[in-house]
Amino acid sequence: SPEVWAAQLDDYLREHVKTPSVLVVQGGLLPCALEVWRRSGREAVAGVSLLSPPPLRFFSKGADSRKFSRRTQRLLWAASCSPAGNLFFRRLRGGSPPGARIREFTERSLFASESDVGAEWVNQCIAGARDARSRFSTFSYLCGSIPPGGAWRDERTDVFDSLDVPLQLL
């Protein structure tokens, strides 16, 4: 969960780095950076640089009408590990032309603007999806959790709003 990863990073910053640092955060790891800020504030964080962060709605109040209970998340996870989950993943990665669903999902959920989604990114995603074992990260995202019931999409706008260090958005 973001809290566990943040605790490890916070301990590392306090015990080894011993000075406030700029957190460079890519993509969906924004909740981890926010949890480090929640834990230690200016004692550990001197600034935050966000590289392609998810939309703020990803972890804000009322953001996701699809947010499932922990029980439902676990049931969905169990289904993703079954042959039916494998077939569902194969359907998700398909489409015409090849990768159409991957491009659509990327444009809708991962990038702020459709024009930012390049062919290189989509081709990399298509290549990664060829191995059906990669379905687990896809289903983790769709379930809103990385098992066993992590809290990647929990409400964190109050933490984001409390950031009073320099913030760079790339």
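A salt bridge here is a side-chain nitrogen of Lys or Arg within 4 Å of a carboxyl oxygen of Asp or Glu. Both residues belong to H5 (residues 100-110) and sit 4 residues apart, about one turn of the helix. Helices (H or I, at least four residues) and strands (E, at least two) are DSSP runs, numbered from the N terminus. Arg103 is partly exposed at 27% relative accessibility; buried means under 20% relative accessible area, exposed over 50%, and partly exposed in between (1.4 Å probe, protein chains only).

The model is a predicted one, in which local features need pLDDT of at least 70 and side-chain atom pairs count only at pLDDT 80 or more, while totals for chains, interfaces and linings use all residues. Residues are numbered from 1 along each chain as its sequence is written, and side-chain values use heavy atoms, with hydrogens and water left out.

The structure holds 6 salt bridges. Among them, Arg39 pairs with Asp10, with the closest N and O atoms 3.2 Å apart. Arg39 lies in helix H2 (residues 30-40) and Asp10 in helix H1 (residues 2-17), so this pair ties together parts that are 29 residues apart in sequence. Asp10 is buried, at 3% relative accessibility, whereas Arg39 is partly exposed at 43%.

Glu43 and Arg14 form another salt bridge, 3.2 Å from N to O. Because Glu43 lies in the loop between H2 and strand S2 (45-51) and Arg14 in helix H1, the pair ties together parts 29 residues apart in sequence. Glu43 is exposed at 56%, and Arg14 is partly exposed at 38%. Asp10, Arg14, Arg39 and Glu43 are linked in a network of salt bridges.
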